[in-house]
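Here are a few friendly notes to read with the picture open beside you. Take the points one at a time and find each residue as you go.

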Amino acid sequence: MTALRDMQHEFLKCLLERPSTISKEIVSNEHASAERRLSLYAIGYKLRLKEVIEGDYEQVNTYLGDDLFDQLMEEYIARHPSRSPNLRYYTQYLPTLLLENAPWTDSPEIHELAKIEQIFSDSFDSADRESVTIEDLTQIDPTHWATLTVRF
């Protein structure tokens, strides 16, 4: 591995609250020690992941309440660290976590609610296609409108 790649891996371990040697690479100054500066990054990283989870599962948050939902987010982040710079699919395993792990398995409706929210979010993703224009619609014979079937 390159020195940069080694540092990146050590930094990620620090963010994931795993033993890391990255603090020796960070400069302390009069405002904050290396450890304090790293802890601020780690806190910010976790808050960003929580923001993504909250955005994807608003109804689960409402159903569980803030304290239980925070417990769920902490567990999810611990079990599923982000593996991509794109956070779009970061929360994809949350319904499975709810289905397979206590104490969430005691309330199957939470899994069902999470699955519904996941399906709803995924419904907005599709391949790029050519859109129908107003001009396209004006080319349809007016006598066909009564029996016209739209297919997506």
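1. Start with Y41, which has a relative accessibility of 56% and therefore counts as exposed, the cut-off being over 50%. Please keep in mind that you are looking at a predicted model.

2. Y41 has a ring partner. Together with F11 it forms an edge-to-face aromatic pair, with 5.7 Å from centre to centre and 75 degrees between the planes. This pair links distant parts of the chain, since F11 belongs to helix α1 and Y41 to helix α2, 30 residues apart. F11 has a relative accessible area of 27%, so it is partly exposed.

3. How many aromatic pairs are there by this count? There are two. In the other pair, the ring centres of Y76 and Y90 are 5.4 Å apart and the planes stand at 80 degrees, so this pair is edge-to-face. Y76 sits in helix α4 and Y90 in the loop between α4 and α5, so the pair ties together parts 14 residues apart in sequence.

4. Are Y76 and Y90 buried or exposed? Y76 is buried, because its relative accessible area is 0%. Y90 is buried as well, at 6% relative accessibility, and the cut-off for buried is under 20%.

5. Now go back to helix α1, residues 3-15. Its 13 residues reach 18 Å from the first C-alpha to the last, close to the 18 Å expected at 1.5 Å a residue. E10, C14 and L15 are buried in α1. They cover an arc of only 145 degrees around the axis, which means that they are on the same side of α1. What covers the buried residues of this helix includes α2. After α1 comes E17, with a positive phi near 60 degrees.

6. The C-alpha atoms of S39 and L15 are 7.9 Å apart, although 24 residues separate them along the chain. S39 is partly exposed, because its relative accessibility is 27%.

7. Finally, look at the largest nonpolar core, which has 23 residues. Those with the most contacts inside this core are I53, V60, F69, L72, Y90 and L94. The elements giving two or more residues to the core are α2 (34-56), α3 (58-64), α4 (66-79), α5 (94-100) and α6 (108-122). Which residues does I53 touch, leaving out those up to four places away in sequence? I53 touches F69, M73, Y76, I77, Y90, T91 and L94. That list includes Y76 and Y90, the edge-to-face pair from point 3.

Technical notes
Residues numbered from 1 in each chain as written. Predicted model: local features only at pLDDT ≥ 70, side-chain atom pairs only at ≥ 80, totals over all residues. Heavy atoms only, no water. Core = buried A, V, L, I, M, F, W, Y, C linked by side-chain atoms within 4.5 Å. Buried < 20%, exposed > 50% of the residue type's maximum accessible area, 1.4 Å probe, protein only. Helix = DSSP H or I, 4+ residues; strand = E, 2+ residues; numbered from the N terminus. Contact = heavy atoms within 4.5 Å. Expected span 1.5 Å × (residues − 1). Arc of directions from axis to C-beta. Phe/Tyr/Trp six-rings, centres within 6.5 Å; stacked < 30°, edge-to-face > 60°.
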